[in-house]
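The following exercises concern the structure shown below.

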Amino acid sequence: MSDDKQGAAWDKLGELAKTVGAGKIRDLINGDPDRSQRMVKSGAGITLDYARQRIDDEVLQTLLQLADERGVLERRDAMFRGDHINVTEDRAVLHTALRLPEGAQLNVDGQDVAGDVHKVLAKMANFSDRIRSGEWTGHTGKRIKNVVNVGIGGSDLGPVMAYMALRDYADRDMTFRFVSNVDGTDLVESVTGLDPAETVFIIASKTFTTLETMTNAAAARDWVKTGLGQDVDVAKHFVAVSTNANGVADFGIDTENMFPFWDWVGGRYSMDSAIGLSTMVAVGPENFRDMLAGFHEMDEHFRTAEPSDNLPLLMGLLSVWNRNFLNCPTNAVLPYEQYLVRFPAYLQQLTMESNGKSVKLDGSAVESETGPIYWGEPGTNGQHSFYQLIHQGTSVIPCDVLFGIKTLNNLGKQHDYLVASALGQAAVFAMGRTADEVRADGVEERLVPAKVMPGNRPCSVITYEVLSPRTLGRLVALYEHTVFTTGAIWGIDSFDQWGVELGKAMANSLVPQLVDGAPAPQTQDAATTASVARYRELGG
């Protein structure tokens, strides 16, 4: 952990890991009566309680010193200015421009990107209103009742997560489904029970060449033609989120119904761009703009708050402490909010595609571990699944516990029971249960070891008033900037994804072999060539 090349703060954190980091959260909480008040910060409608983290004030100050040494705030400011901080692709990183308020200006490379964003938002709103009002009709004149989003990666995870999170705000007279997997089962099950005359597909692919998305799009077009006739007006049942006008037109979509976005928007940062068209149709333009306002509030908090009060900065630094100094390779996200059922899956891509890197901005190898594994499920379901491993397993897993102070569905005392579960689990994560405490409950001696809980699992409790479009925007931006902070500390480019690109290229190169029996190139490895041969021999 300690390395002279890493700087003074890193070196000091390595020493603190042997003392504070090797201690007990129980002792830190019990020995500091002000801790539970001092280690609670609020901003942009979100409250972060990190009193259950394995840190003290000296660790925190040294982490802030590390951020200063690594130039995190300078890199933050460069991002907001529109500098090309995505160095391997020589691009600006401007997902924050997607939620600038109307009338704002941001000139990047000679273009007012804020103005461009609001033109697209207006076009999205017009389409959404036409669908929701019934003005847009299908080929047969029937009103559109079903919207199917076809995408993959950020073009799927963002929209499906947002739809699930905001279902309470969605038009309940409409059906929304999401297709991403090139496995034909995904499309078949998604269109089962739908009337093609009442269905519109949103094809979300920046290049309009993505293998999975375009394969599913072609199959969806076949489904519409089978149901409505080969002469069906495809343009009445398909729209595109793309920048490839020629590809969109060749598919049969009217380019007037093409919603663009820009190369400075990475897929995993795009749910508030035109990629969120299905979200806007579901909840309406006003709620979508409210979500954008929530994003912007957290952007401004990250941009302007003092470091010691800055929620994304603090969360990023705690992540570095847990990953690099406490040797915790994973982080569990545990929303006590059923509507956030897909939030952990969304964060998997956001965090691991961004920071799953092993080289630094200058091309040199990183000197530390990067990219913790993010995973999770909503409470209370997870309590009856994997919490056993968190509580008594041999791996220490830091946890983020999230819940709203209020619920959208008030059924007697159920929300109180939910919050009791969230806080109860957080207490056990941090405090554990000693052998003496087990004995005090009258447990027979032979069972005492089995019922001891080690505790000492770092835990942050993140709360908000109630889940709304604005709250969702705040939460997503909170984690976006947390990812930014950790990437800046590690000196990596959090905005490229060359591993993903290589996987796509390899898949595309295998298609001719699998479909047509084309010969394998000489450069192909023997194991892959043999697997292709077996697939075809067995009738694939």
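Helices (H or I, at least four residues) and strands (E, at least two) are DSSP runs, numbered from the N terminus. The model is predicted: local features need pLDDT of at least 70, side-chain atom pairs count only at pLDDT 80 or more, and totals for chains, interfaces and linings use all residues. Residues are numbered from 1 along each chain as its sequence is written, and side-chain values use heavy atoms, with hydrogens and water left out.

**Exercise 1. Glutamine 425**

Task: State where glutamine 425 is found, whether it is buried or exposed, and which residues it contacts.

Solution. 
Step 1. Glutamine 425 is part of helix 16, which covers residues 414-431.
Step 2. Burial is judged by relative accessible area: buried means under 20%, exposed over 50%, and partly exposed in between (1.4 Å probe, protein chains only). Glutamine 425 has a value of 16%, so it is buried.
Step 3. Contact means heavy atoms within 4.5 Å. With neighbours within four places in sequence left aside, glutamine 425 contacts Tyr336, Gln383, Tyr387 and His391.

**Exercise 2. Aspartate 83**

Task: Locate aspartate 83, classify its accessibility and describe its surroundings.

Solution. 
Step 1. Aspartate 83 sits in the loop between helix 5 (72-81) and strand 3 (107-108).
Step 2. Its relative accessibility is 30%, so aspartate 83 counts as partly exposed.
Step 3. Apart from neighbours within four places in sequence, the residues in contact with aspartate 83 are Ala78, Arg91, Ala92 and Val93.
Step 4. Leucine 94 is 11 residues away from aspartate 83 along the chain, and the C-alpha atoms of the two are separated by 9.0 Å.

**Exercise 3. Backbone features in loops**

Task: Describe the backbone at alanine 44, at phenylalanine 208 and between glycine 379 and threonine 380.

Solution. 
Step 1. Alanine 44 is not a glycine, although its phi is positive, at about 55°. This residue lies in the loop between strand 1 (40-43) and strand 2 (46-52). Alanine 44 has a relative accessible area of 19% and is therefore buried.
Step 2. Phenylalanine 208, also a residue other than glycine, has a positive phi near 55°. Its loop runs between strand 7 (199-204) and helix 9 (211-228). With 6% relative accessibility, phenylalanine 208 counts as buried.
Step 3. The peptide bond joining glycine 379 and threonine 380 is cis, with omega about 15°. Threonine 380 belongs to the loop between strand 11 (373-375) and helix 15 (387-392).

**Exercise 4. The nonpolar cores**

Task: Which residues have the most contacts inside the largest nonpolar core, and which helix gives the largest share of this core?

Solution. 
Step 1. A nonpolar core is a set of buried Ala, Val, Leu, Ile, Met, Phe, Trp, Tyr and Cys residues joined through side-chain atoms within 4.5 Å.
Step 2. The largest such core has 118 residues, and Trp264, Trp321, Phe343, Leu472 and Tyr479 have the most contacts inside it. Helix 19 supplies the largest share, 11 residues.
Step 3. Beyond its neighbours within four places in sequence, leucine 472 contacts Met161, Ala162, Ala165, Leu166, Met271, Met291, Leu340 and Leu467.
Step 4. Another core, of 23 residues, lies apart from the largest one and includes Val191, Ile203, Ala217 and Val224.
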